[in-house]
Amino acid sequence: MTRAHLALPVGLFVGLGAVAPLLVLFVFSVFVVDDFELKPAFSPRAWIELVTTPSYLFLIGKAALSGAVAALTTSLLGYPLALALARLPPAWKGVGLVVLLTPLYTGEIVRIYAWRLVLGSEGLVNAALLASGTVAQPVKWLLFSPFTTALALTYNNLPFMALALWVAIERVDRRLIEAARDLGARPLQAFLKVTLPLTAPGLAAGVFAVFALAAGEMLSPSLLGGTSGQTAMAMIDNLFGTAFDWPMASALALGLLACLFGVGAALAFAASRFAGARA
Amino acid sequence: MSRAVLTLYALFLYLPIVVVALFSFNDSELMAFPLAGFTLRWYSALAGNAAFLHGFVTSFLIAQPVGVLGAAFGLAAALAVTSEHMRWRLGFAALVMIPFLVPKSVLSIAQAMLMSRVGLPRGALALILAQTLVVIPFTTALIAAVLVRLDKKLEEAARDLGATPWQSFRLVLLPQIKPALSGAYSVGVILSLGDLTISMFLAGRTQPLSLMVASEFRRELRPDLNAMQVVVLALTAVVLAVSEVYRRRRARVRRGRSVAAAAAVVEAVQ
């Protein structure tokens, strides 16, 4: 009996609570619905429908696209933030961590609600633009557009990316960067040739997590994206609740998961290669 | 330079929260700039709102067991993953991360389908267990990060002096990780209070605050909802602040404590 045995209760709980329901989706996906009752069968109907219905494939592709956009924007925004955090004096790093993570604790609904106040026609951004005379009419595309979805997904996931990059940057030997600078590299060159390749694993981890999290979000797109906010998630919810087509809901959910982990892993690999290739 | 960068990012990350707070004190039905003046009437409207108070109590009561269970499972998982004897370390870590990486809505729908198929009721218990599951990756990472930094020699010394595994855990390890445990508890409470997705699918007839707010403001934005959000944020901040103060106080006495604990072990086994 060692500490390692404590893995058993946790494994059991996660297994029963998360893995079993996901595996049962495979079973449900081949069942048939007859007269509003789910009956055991071995029918490939839902899977055939999944790969032949353009709107399902479109929604899965859209999930992958919004995940990829969020992974890209959070990496671009995350590096300057993580570099600045890594340069904080040690005593301030704890404060930096709290300030970085506190926005994660605001409830999902608070965040969505707040964006409506910031980006609406009479919101903060439009008020500032109108008052400064930059625009004559309120900018409409700020709210209920694909831009809003991308902004919300970036906001929701930036702390995760910044944290992954920050941890990776802390592990880089400061002397390597100093050596590069001493040998005449400009700051950007030192970043591209030294910091970026050495933090490639952190970047890959961040890309994978942000991609999976952003591609699987349902609430932000549907409550902020307007007519563009239809997601695979909302479709699954609809098939599960209103339409009572559990086989189709299961097949779509599994298709989405496969896409998330497949594309996520590919992107993470690409990110580590891209960053590593510059060494 | 990096100070300016951090300020910009803080502005971005806190802008939405500040705007909600501003409008909660704004003396107008319309949520539009420019602001109309200071008022507390949205807060007094809130105090008389029985449905809000009921929703808040429900959310609070659900968050407590989520905090405790999340910390307990996180502790067990962190102890296992940092143990030298752990085989399949990577596989176990990946298993624990599943609830973080699988979209919450897919997970909740899958759980709802399985539960209704085998005849388990949705409601407070289902909600508590499902939220605990989603909290475990966070609490495990938090506690494991502290465990890997501990001085292994203290525990080895306790074992060399004849302490049983349970004694060395309770007297040497536990005093050192109490701050991390209280942090894990507050992360669980906070994530539970903020959750909407899981509640949508598993709450059954239970009505936590987030569900009430979601159904209210799908129709329209109202100023008293701002006040409600500020109250929820303020309570979240209190939970954070209390656990941070506790953590700092423990961190200061930790060194002294672990020496005292080692002495206690020596005494206990003699």
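Student: How are α6(B) and α8(B) oriented to each other?
Tutor: Keep in mind that we're looking at a predicted model. Helix α6 (residues 124-147) of chain B and helix α8 (residues 165-194) of chain B pack with their axes 9 Å apart, at an angle of about 155°. Angles over 145 degrees count as roughly antiparallel. So α6(B) and α8(B) are roughly antiparallel.

Student: And what's the handedness of the crossing where α6(B) passes α8(B)?
Tutor: Handedness is a separate matter from the angle of about 155° between these two helices. When α6(B) passes α8(B), the crossing is right-handed.

Student: Over in chain A, how do α3(A) and α7(A) lie, oblique or roughly parallel?
Tutor: Helix α3 (residues 54-86) of chain A packs on helix α7 (residues 146-171) of chain A with axes 6 Å apart and an angle of about 45°. Roughly parallel would need an angle under 35 degrees. That makes the arrangement of α3(A) and α7(A) oblique.

Student: How many charged residues are in the contact of α3(A) with α7(A)?
Tutor: α3(A) passes α7(A) in a right-handed crossing. By class, their contact takes in 17 nonpolar and eight polar residues, and the number of charged ones is one.

Student: Which helix of chain B gives the most to the side that touches chain A?
Tutor: Start with the whole interface, where 60 residues of chain B are in contact with 57 residues of chain A. Several helices of chain B each supply at least two residues to that side, among them α1 (2-24), α3 (50-81) and α11 (223-269). The biggest giver, with 13 residues, is α1(B).

Student: What class makes up 49 residues of that side of chain B?
Tutor: Go through the classes for the side of chain B that touches chain A: one residue is charged and 10 are polar. The 49 residues you're asking about are nonpolar.

Student: What pattern does chain B follow along the sequence?
Tutor: Chain B has 11 helices and zero strands. Its C-alpha atoms fill a box of roughly 70 × 55 × 40 Å along the principal axes. Reading along the sequence, you get α-α-α-α-α-α-α-α-α-α-α.

Student: How much of chain B is made up of buried residues?
Tutor: On the contact side, residues 24 or more positions apart account for 80% of the contacts in chain B with a separation of 6 or more. As for burial, the share of buried residues among the 270 in chain B is 44%.

Student: How far apart are the centres of domain 1 and domain 2 of chain B?
Tutor: Chain B splits into domain 1 (1-39) and domain 2 (40-269). Nine residues of domain 1 are in contact with 10 residues of domain 2, and on the domain 1 side these are five nonpolar, three polar and one charged. Taken over C-alpha atoms, the centres of the two domains of chain B are separated by 29 Å.

Student: Why is α12(A) largely enclosed by the rest of the structure?
Tutor: Helix α12 (residues 232-240) of chain A has nine residues. Its buried members include A:M233, A:I236, A:L239 and A:F240, and A:D237 is buried too. α12(A) is largely enclosed because the number of its residues that are buried is seven.

Student: Is A:D35 buried or exposed?
Tutor: A:D35 is found in the loop between β1 (32-34) and β2 (37-39) of chain A. Its C-alpha atom and that of A:R87, 52 residues apart along the chain, are separated by 64 Å. A:D35 has 5 other C-beta atoms within 10 Å, so A:D35 is exposed.

Student: What about B:W88, buried or exposed?
Tutor: B:W88 lies in the loop between α3 and α4 of chain B, with a positive phi of about 50° although it is not a glycine. B:W88 has 12, so B:W88 counts as exposed.

Technical notes: Residues are numbered from 1 along each chain as its sequence is written. Chains are lettered from A and ligands numbered from 1 in the order in which they are written. This is a predicted model: local features need pLDDT of at least 70, side-chain atom pairs count only at pLDDT 80 or more; totals for chains, interfaces and linings use all residues. Axes are lines fitted to C-alpha atoms, for helices over the stretch in contact, and angles run from 0 to 180 degrees between N-to-C directions. Helices (H or I, at least four residues) and strands (E, at least two) are DSSP runs, numbered from the N terminus. Angles under 35 degrees count as roughly parallel, over 145 as roughly antiparallel, 65 to 115 as roughly perpendicular and the rest as oblique. A crossing is left-handed if the near helix is turned anticlockwise from the far one by less than a right angle, and right-handed if clockwise. Two residues are in contact if their C-beta atoms, placed from the backbone, lie within 7 Å. Ala, Val, Leu, Ile, Met, Phe, Trp, Tyr, Cys and Pro count as nonpolar, Asp, Glu, Lys and Arg as charged, and the others, Gly among them, as polar. A residue is buried if 20 or more other C-beta atoms lie within 10 Å of its own, exposed if 12 or fewer, and partly exposed in between; C-beta atoms are placed from the backbone. Domain bounds come from an automatic or database domain assignment.
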